[in-house]
Amino acid sequence: MNQARPEYLRPALIVGAAAGILSGLPVLSLVNCLCCLWILGGAAFAVKLLSQATPIVLKPSDGALEGALTGVIAAVSHTIVSLAFPPNIESARRVLEWLSSMGIEQPANIDGLLEGTSRFMSPTWMIIGLFFTAVMFALIGVLGGIIGVSLFGKKPASAVPAAPPEAPPQPPSSGPGDAS
Amino acid sequence: MNPPENGGFPGGPARTVRRVYFWTAAGTIVWLAAIVSAPWLAAGRATARVGTLLYAAFAPVCHQIPERCFQFHGRPLAVCGRCLGIYAGFALGLALYPLVRGFSTLRLPTARVFILTVLPMAVDGAAGVLGLWDSPIGVRFATGAVWGVLLPFYFVTGAADLLGTRRARREARALENRAGTT
């Protein structure tokens, strides 16, 4: 039962880092509004890379592990990118005022939302946020990874009888009929 | 698509699948309760911090735009209508799981079923992003729910397979150790 295990870390590192960065960038992060697509799709893509890199037929458990790993790595890179692009409350307020002057309605509790955002920028909140993000992204990654196995995983070989093994080389005979 | 994966389950996977199923159901109830209770907790004076924490917990996975969220106690839920649809659909899918799949087999849904269930949400979402139409919150909820119904069939299968595989590896290691000591 000592099965070979695929190399999970490499695809998870590559795809997880990319998915986390895309999830943290100001405009591109909106894609996550579609069912956390960067993370879900990223985990599925990581499984596709894993499947290409290994001759092993992947099982749902491989997808789950790969997806969870991708999600956790994405959470870390998402947090780092979020630190690099902190939301500028004053700029946001100015943009909202400009939108209001154009006649575009704003949510009634927009001030509360902005205040709430600024409150979550302390180091303590960052660590709590990283924990929650890691849990959420890992769960979504698990789903994406298992979906990836069902979509991109290699199918197990069908029950075609294998070719017989080659006959071992005959030892050199020294009989009389041996023409050399 | 994938054949039954009973490799790590000498006596069949039923016991492991059942255990994963019940833990997933418990987690789903807690998840949905957190979404619905966030506005109620945020409205209370003593519980406002807990409510704020719940909103923050769901922020990485949802835009939480108030106009696109169902309201409770005069405040938006912790996730948008589409996300709520996905989670509610997940709960419905879990309820259907024993009837559709049972506990004795591990099989992932086919690619065709995947495409059929994801298509309504993908079309609605893409059209919204491209500005072709702006669907009402009920449609967002419904398309999310259709997709969500399928998800437990992936999650329970994958998690049960993971547990079975880990157990099989642990037992193999224990056997090797025992053989090494004797």
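Me: Why is B:Arg101 called buried?

Reply: The relative accessible area of B:Arg101 is 15%, and buried means under 20% relative accessible area, with exposed being over 50% and partly exposed in between (1.4 Å probe, protein chains only), so B:Arg101 counts as buried. This is a predicted model, in which local features need pLDDT of at least 70 and side-chain atom pairs count only at pLDDT 80 or more, while totals for chains, interfaces and linings use all residues. Residues are numbered from 1 along each chain as its sequence is written, chains are lettered from A and ligands numbered from 1 in the order in which they are written, and side-chain values use heavy atoms, with hydrogens and water left out.

Me: Where in chain B is B:Arg101 found, and what does its side chain reach?

Reply: B:Arg101 lies in the loop between helix 3 (81-100) and helix 4 (111-130) of chain B, where helices (H or I, at least four residues) and strands (E, at least two) are DSSP runs, numbered from the N terminus. Its side chain comes to 3.1 Å from the backbone oxygen of B:Arg107. Leaving aside residues up to four places away in sequence, B:Arg101 touches B:Arg107, B:Leu108, B:Pro109 and B:Phe153, a contact being heavy atoms within 4.5 Å.

Me: What makes B:Gly102 buried?

Reply: B:Gly102, which also has its place in the loop between helix 3 and helix 4 of chain B, has a relative accessible area of 16%, and therefore it is buried. Between the C-alpha atoms of B:Gly102 and B:Leu92, ten residues apart along the chain, the separation is 15 Å.

Me: Why is B:Val50 called partly exposed?

Reply: Because the relative accessible area of B:Val50 is 44%, this residue falls in the partly exposed class. B:Val50 belongs to helix 2 (residues 48-58) of chain B, and from B:Val50 to B:Phe155, 105 residues away in sequence, the C-alpha to C-alpha distance is 29 Å.

Me: How does the radius of gyration of chain B compare with that of a compact globule?

Reply: Chain B has a radius of gyration of 20 Å, whereas a compact globule of 182 residues would have one near 16 Å; the radius is taken over C-alpha atoms, and the globule rule is 2.2 Å times the number of residues to the power 0.38.

Me: Which elements does chain B contain, and in what order do they run?

Reply: Chain B has five helices and two strands, and from the N terminus on they run α-α-β-β-α-α-α.

Terms used. Polar contact = N/O pair within 3.5 Å; in protein donor to acceptor, adjacent residues only side chain to side chain.
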